[in-house]
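Here are a few notes to read with the model open beside you. Take them one at a time and find each residue as you go.

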Amino acid sequence: MGLENFPEILKELIVENLANLTEVSEELECGESTLSRYTSGKALPTLEMTVRLADYFSVTTDYLLGLDEDNVADKFKACPPFSKRFPEVLKYFHTSRYKLQQMTGIAESVMRYWVQGKTTPTIANVVKIAQALGCTVDFLLGREK
């Protein structure tokens, strides 16, 4: 299981919910062409869009991204800004950005921008971090119940 399964999972969720790209794009206020790129595997969603899709379909982000075969979704709390959550997660796992850089290959300077709120990570980097720390994407994002 991995990110390569995301397009198929998204297509399945759309069909299972008796929806189509137009309906989903209108509800999520994003372009239909954007969703089409996701379902064709030409693009991955942003961090924000990943959470919005998971909320829309009532699934965990880990299930949506193909990282977990089981959807154990319920109601999730709103995610705090990544700039606030990321330092909390580092503290929780007793690790530093430097150590995380060694584990993931993500530059410490990039992580510094996340903490400063200048940028947010790509969904691929979020997955790398979750896997390196041995936690779910939902936990990393502060989305858990």
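1. Let's begin with the rings: this predicted model holds eight aromatic pairs. One of them joins Phe-82 and Trp-114 edge-to-face, with 5.8 Å from centre to centre and 80° between the planes. This pair links distant parts of the chain, since Phe-82 sits in helix H6 (residues 82–92) and Trp-114 in helix H8 (residues 108–116), 32 residues apart. Both Phe-82 and Trp-114 are buried.

2. Now look at Tyr-92 and Phe-139, a tilted pair with centres 5.1 Å apart and 55° between the planes. Here helix H6, which holds Tyr-92, is linked to helix H10 (residues 137–141), which holds Phe-139, across 47 residues.

3. Go back to Phe-82 and Trp-114: together with Phe-86 they form one aromatic cluster. Phe-86 and Trp-114 are also among the contacts of Ile-129 beyond its neighbours within four places in sequence, as are Leu-100 and Thr-104. In the largest nonpolar core, which has 41 residues, Phe-86 and Ile-129 are among those that touch the most other members.

4. Finally, try the helices. The axes of H7 (residues 97–104) and H9 (residues 123–133) come within 10 Å and cross at roughly 100°, so H7 is roughly perpendicular to H9. H7 contributes Leu-100, Met-103 and Thr-104 to the contact, while H9 brings Lys-128, Ile-129, Ala-132 and Leu-133. By class, that makes five nonpolar residues, one polar and one charged.

Methods
Residues are numbered from 1 along each chain as its sequence is written. This is a predicted model: local features need pLDDT of at least 70, side-chain atom pairs count only at pLDDT 80 or more; totals for chains, interfaces and linings use all residues. Side-chain values use heavy atoms; hydrogens and water are left out. Axes are lines fitted to C-alpha atoms, for helices over the stretch in contact, and angles run from 0 to 180 degrees between N-to-C directions. Helices (H or I, at least four residues) and strands (E, at least two) are DSSP runs, numbered from the N terminus. Angles under 35 degrees count as roughly parallel, over 145 as roughly antiparallel, 65 to 115 as roughly perpendicular and the rest as oblique. Contact means heavy atoms within 4.5 Å. Ala, Val, Leu, Ile, Met, Phe, Trp, Tyr, Cys and Pro count as nonpolar, Asp, Glu, Lys and Arg as charged, and the others, Gly among them, as polar. A nonpolar core is a set of buried Ala, Val, Leu, Ile, Met, Phe, Trp, Tyr and Cys residues joined through side-chain atoms within 4.5 Å. Buried means under 20% relative accessible area, exposed over 50%, partly exposed in between (1.4 Å probe, protein chains only). Rings of Phe, Tyr and Trp (its six-membered ring) pair if their centres lie within 6.5 Å; planes under 30 degrees apart count as stacked, over 60 as edge-to-face and the rest as tilted.
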